[in-house]
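Colleague: Before we look at the packing, could you show me how to read cavities and helix contacts here?

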Amino acid sequence: LDPTVKLLQDNPCLTEFIASVLALPEPSPSILSFTLRLAGILAASENRFQCLQQKLLVRLFGGDGPLNSAVWEDASVRSGWVEGVHSMMHHRPALHFLCNGGGIDVIFTLQGDPSLFVASAASQLLVHMLTLSVESETTKPLSTKDCEWPVCAQMIIKHIEDSLQSNSASHIEQSLKLLTSLFGSCRATWTEVLWLGIAKQIESFLTEETVQAQHLLANLLLNMAWSPVFCDTEGRFWAIVTSALEHLTPVQAGPLAVGILRLYKCPQDVRIQALTVLLQPMDCILRAASQPLEYAGLLDESVSDPITVESLLSSKSSCASLLCQTLAHLEELLSLIHLPVDLPYTSLLRSLMTILQFCNGFLSPASPLGSTISRILINCFRVQMSALDVLAALSERKGCDMLIGSLFDVLLAYLESPNTSPTVLKKTFQATSKWLVRLQELSCSNGQWQQTEKILEDVFLVLQKRLCSPCWEVRDSSLEFLTVLIKCLRDQDEFRQCLLSSEVPRLTENLLEDPESYVRASAVTAVGHLAFITYFAPESPVIGNQYNKENTVAKLQEILSTDAEGFPRRAVISIFTKWLRQGCTGQLEDTERFVSRVIQTVEHDLDWEVRLGGLELAEVFCSQTICQLGLPKCPYAPISSAVTSSIHQNELLQIFCRAKVFSFLFQSLCDCDKPVGQRACDILLDLRGNFYPGSTLKDSQGTGDSPAAQGVAWLQRTLRQGSLAQNFPADGGNGVDFQDPESMMLALGTIDLEELRDELNKSSDHVEKSPQSLLQDILATVGTLEENEADCY
C-alpha cells in the first residue's frame, strides 16, 4: 500500500473534517482558510491527490467552492486558497486539474488583489506553475513557437504577453513583477526563449512616456543580469540594459547601476556606463562647488543629460534622496573586497568633503547651482551621515593621501561645531578614528610625524570638550571613540604621549560616576583599555602618582558589586576578562585572589549576562593556570595526559578550590538562565578532560560510603533538579566541600556531566511542541475568535 495514501486511510478524521467544513452553510473564514491549506498539503502527493480529487478538491478549489460565495470577500480565505493550490502544485495532475477547471483564471485575477499578501502569493504561484509545467511536460528544448510550449505554460505566457501589450498600468505592473520573480528564481535555458518573445515590448517601455512602468524595469533587468542564461550573451540583452541606463531617471537607474558593477561577467562598456550613472550626482556636486572648475571632475562625459541630475539636486524634494541613494550605493561598492571597477578615489573624496561643507555651511560656492544646493543641504542629517559612512569606507582605499590634511580640517570642524547633532557626531567619530589609523600608517612610511602630532593634539582638545558635554549621547560616543583609538593606536609612541599629556584620561575616570548608566558602561570600557597604556605597558610612560592602579581596580570592583544598572556591571566583567586574557593581573597568587573576589561578587548578580561573563573569566583563569603549570605551546590548546600527571594535578585542584572556582561552576549548573548552565557544564567537561584523560572515569554508582562520596552523590541528585534546586549548598552544606581537592576530583569523575548537558541543551519544544499542545492552542482560540483571527490569518 502506498504510504502517502495510508496517511488518509489511517486518519479518516482528516477527510471527515474537510467534508464537515464544506457541509457548513456559513463556515468561519479562519476555519475555511485553514481547511484550504490543509487540503493543499494533503494533495501534494499525486496518489493522495487522486484520492481526494473526486470527493473534496473540486468543492474546495473549483467553481462550486468558496470562489462564488460571500466568504470569498475575506482576504484570509483568498490567501488560504492560493497557499493551498501552491502546496498542491507538485505534479502534473494538479496542473491539469487547475487549468481545466478554470482555476488559473482565478489566479490571474488574484494578481491584482487589494491584499498585497494575496497578490504577491498569486504571482509566486504563477511562477511556480510555469516552471512546473515546462520542466515536467517538455522532452526537448523549446523554441519560440507557441505550439511547443505545454498547455498550462502557453496559458500563462499568453496572459503575460496580453498584459504587457494592454493599456492597463496595473496589468503591465503585475506581469513585470511576475517576470522579475521568474528570472530571479529560474536559471533554465528556456527562460531565454520566453524573453525573446517579449523583449521588444519591454524595451518600448523605456521610451514610451505614457507607460509608467520604468521603476520596475531596473529590478527585472538586474535579476536577468545575475542569471547565467543572459549574462553570458553578447547580444540584445545588454543593449536593453544600456538603453535602461540612458532612459531611466537617476533614482531608478542607481540600483541597476550598482548591481551591474557588482557583476564579474559584464561587458566593459556596460560597466563603464553603470559607473558613470552612479558618479554623475557626485560629479555635479564638484562642478557646482566652484566656477570655473578648480579640480578635475569625476567624469569625462555623462550617460544621460547632466541637466536632469542638476534639476534633481536643485529641488528640495529630491536633492537629499538622490544623494543618500548615491552615497549608499558607493558605500556598498566600497565594502567589496575586490572591486570589479576602478573608482576615482581622489575626486570622490573631494566631492564628499564638498557635500559635508555644504551641509554645515562652511563653503560659499560661486555658482548659482552650488548656492541652491548648499541652501537645501544645510544641517541635512541624512546626507551628513551617508557621506560620513562613505568617507569611513574610503579610508581603506589607497590614493587619497594627498588630501588628508584638508580632510581632517572638515572632520575637526564637525567635531568642534555645536550644531553637529549627536547622531552625526557619532558618525564623525567613526570616520575620524578610521582616518587616524590611516594617518598613522602614512606617518610610519614617510616619517612626517609633525602633521600627525598636530592632528592628534587637535583631536584630543576637541575630545576633552565633548567628554564634558551636557548631552549624555555625546559623552557616550566620545568614550566609544576613545576606546576605538586606544585599541588601534596604543602601540604608537606619539599617540600615547599626546593622550597622556591631555586631560582625557582624568575626564574619562570621572565619568565612571556619570548619572547615565550607558555612559558609565562606556567609561568602564575606556578606562579598562586606558589601563593598557597607564598601568600595563612594558615601559610605562606614567610619571609620578598621577595614575593609581589599585584605585582604578577598586573603583571597577565597586561598580561590579554596587551599580544598580546592568550595563556598567557587564562592562566591568568584560574588562576584567580582557585584562586576564592579556596577562595583566600579576603573578599567579595575585591572579588567584583577583579571580576569587570577582566570581564571588558576580555569582549572585541578578543579570544573567554578568554571571555568564563571570564564567568566561573563570574559564580563562582555568586554561591559563593549566597552561602555566604544564605549558603546551598555545595558551588554550588541549592538555596532554602528561600535564595532568600526579605532579601538577593536586596543585591545580588546590588553586581552583582556593579560588572557589568549583563552587561557582557547580552552582551555575542550576542557574535559572539556561545559557549560564550550558556554559558552566562545558567548562566542567573541559576540566574533567584535563583531570581524567582518556577513559579513566569512575563508576558513578560505586563511589563508596565516605563522607566525600556521600556529598558527591547528594550533589548529583541536586544537579538533576536543575534550576528547581533550592538552597544550593555553596557553603559546603550537605557534606559537599567545594574547597576540598579530593571531593572535587571525585565529583568530576562521577557526576554524569553528559546527561546534564543533554538536559540543558533540550529546548522547551520537547514539552510544548506536540500535536496535543497544538490542538490545545487551537481549541483555546475558539472562545475568543475575534481577538485571534489576525493571528490565524
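Modeller: Let us begin with the largest cavity, which is lined by Asn360, Asn379, Phe381, Gln384, Tyr414, Ser417, Asn419, Thr420, Ser421 and Val424. This is a predicted model, in which local features need pLDDT of at least 70 and side-chain atom pairs count only at pLDDT 80 or more, while totals for chains, interfaces and linings use all residues. Residues are numbered from 1 along each chain as its sequence is written, and side-chain values use heavy atoms, with hydrogens and water left out.

Colleague: What counts as a cavity, and which residues count as lining?

Modeller: Rolling a probe the size of a water molecule over the atoms shows where empty space is left. On a 1 Å grid over the protein atoms alone, a cavity is a set of points where a 1.4 Å probe fits but cannot get out, and lining residues have an atom within 4 Å of a point. Grid points are joined across faces, edges and corners, and a volume is the space filled by probe spheres set on the points. A search of the whole structure gives 3 cavities of 30 Å³ or more, and the largest has a volume of about 60 Å³.

Colleague: How do the residues of that lining divide by class?

Modeller: Ala, Val, Leu, Ile, Met, Phe, Trp, Tyr, Cys and Pro count as nonpolar, Asp, Glu, Lys and Arg as charged, and the others, Gly among them, as polar. The lining of the largest cavity has 3 nonpolar, 7 polar and no charged residues.

Colleague: At what angle do helix 16 and helix 18 pack?

Modeller: Helices are DSSP runs (H or I, at least four residues) numbered from the N terminus; axes are lines fitted to C-alpha atoms over the stretch in contact, and angles run from 0 to 180 degrees between N-to-C directions. Helix 16 (residues 268-289) and helix 18 (residues 319-334) pack at about 120°, with their axes 9 Å apart. Angles under 35 degrees count as roughly parallel, over 145 as roughly antiparallel, 65 to 115 as roughly perpendicular and the rest as oblique, and helix 16 and helix 18 are therefore oblique to each other. Where they are in contact (heavy atoms within 4.5 Å), residues including Leu278 and Met282 of helix 16 meet a set in helix 18 that includes Leu323 and Leu330. The residues of this contact divide into 10 nonpolar, 2 polar and no charged.

Colleague: How are helix 28 and helix 30 set against each other, parallel or oblique?

Modeller: Helix 28 (residues 517-534) and helix 30 (residues 566-581) pack at about 15°, with axes 8 Å apart, and are therefore roughly parallel.

Methods
1 Å grid on protein atoms, 1.4 Å probe; cavity = no way out; pocket = protein on both sides within 12 Å on 5 of 7 lines; lining within 4 Å. Helix = DSSP H or I, 4+ residues; strand = E, 2+ residues; numbered from the N terminus.
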